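The sequence and the structure come first.

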Amino acid sequence: MLGGTPLTAVAQSPDCSNMQTQRDLNTCAGLNWERADLALNEAFQALTPNLSESRKSALVEAQLQWIEFRDAECQFSSSWAQGGSLQPALAAGCLAGLTEQRTIELKSYSQGEYLPALTDNYGSVRQQLNDVSRQLQQRLSASRQLELEAANQAWVNFRETACEFERSGGGDSALTNCLIRLTETRIDRLQNYLDSP
């Protein structure tokens, strides 16, 4: 399994359509992440038999880099509530969201497709990313700045390996599309942090 933990027994689960306590919220968020993780692993397992050994190796490397990014990102994302009762739900929500997004990418690979970028100008989106990242850094405490730097570096490592995988199946145009698309996604995520109170 490439991340995650086994599903908690249903008998131990609260009614997630009618959560009453912070504990219920935390448990339900965790269950949602576990379901997302199972779907990701199913998509990964469905994809790998159809790949050459070199592409399979490239995908495994990209997936390992994605896990590092996911964990660093969700540490940063939930760290504003460090030590509070809300932090587990925030972390699980982040894990589920990133996992669902990655599952969509893996499923598109299974169909021989790559998700499209919104624009075709890598230089422009790279500049936007630098601008948003700089603005966000200025608003953070020193410890959260370090967490964001770790998440950003993990994201760069993931982007490079993921886009090399896409290039291996679609050439240079797939590489460029991937670089732009993942940068656009990163801009949106950082902008959401910037827009949060």
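A residue is called buried when its relative accessible area is under 20%, exposed when that area is over 50%, and partly exposed in between, with a 1.4 Å probe and protein chains only. By that rule, buried residues make up 44% of the 197 residues in the protein. This is a predicted model, in which local features need pLDDT of at least 70, side-chain atom pairs count only at pLDDT 80 or more, and totals for chains, interfaces and linings use all residues. Residues are numbered from 1 along each chain as its sequence is written, and side-chain values use heavy atoms, with hydrogens and water left out.

**Fold and dimensions**

- The protein has five helices and zero strands, where helices (H or I, at least four residues) and strands (E, at least two) are DSSP runs numbered from the N terminus.
- In sequence order the pattern is α-α-α-α-α.
- The radius of gyration, taken over C-alpha atoms, is compared with a globule rule of 2.2 Å times the number of residues to the power 0.38.
- For 197 residues a compact globule would have a radius near 16 Å, and the 18 Å of the protein agrees with this.
- Along the principal axes, the C-alpha atoms fill a box of roughly 50 × 45 × 25 Å.

**Contacts, surface and charge**

- A contact means heavy atoms within 4.5 Å.
- Of the contacts in the protein with a separation of 6 or more, 76% are between residues 24 or more positions apart.
- The protein exposes about 10,300 Å², and carbon and sulfur atoms supply 52% of this area; accessible areas come from the Shrake-Rupley method with a 1.4 Å probe, and for residues only the protein chains shown count as cover.
- There are 16 positive and 24 negative side chains, and the centres of the two sets lie 1 Å apart.
- Lys and Arg count as positive and Asp and Glu as negative, while His and the chain ends are not counted; the place of a charge is NZ of Lys, CZ of Arg, CG of Asp or CD of Glu.

**Disulfide Cys74–Cys94**

- The structure holds two disulfides, a disulfide being a pair of cysteine sulfur atoms within 2.5 Å.
- One of them joins Cys74 and Cys94, with 2.1 Å between the sulfur atoms.
- This pair links distant parts of the chain, 20 residues apart: Cys74 lies in helix α2 and Cys94 in helix α3 (residues 87-110).
- The torsion about the S-S bond of Cys74 and Cys94 is about -85°, so this disulfide is left-handed.
- Cys74 is buried because its relative accessibility is 4%, and Cys94 is buried at 6%.

**Disulfide Cys163–Cys178**

- Cys163 and Cys178 also form a disulfide, with their sulfur atoms 2.1 Å apart.
- The S-S torsion of Cys163 and Cys178 is about -80°, which means that this disulfide is left-handed.
- Cys163 is buried with a relative accessible area of 0%, and Cys178 is likewise buried at 0%.

**Ser77 and the surroundings of Cys94**

- Ser77 is part of helix α2 (residues 53-78) and counts as buried because its relative accessible area is 14%.
- Leaving aside neighbours within four places in sequence, Ser77 contacts Cys94, Arg144, Arg189 and Tyr193.
- Not counting residues up to four places away in sequence, Cys94 touches Glu73, Cys74, Ser77 and Arg189.
- Cys94 and Ser77 are 17 residues apart along the chain, and their C-alpha atoms are separated by 7.1 Å.
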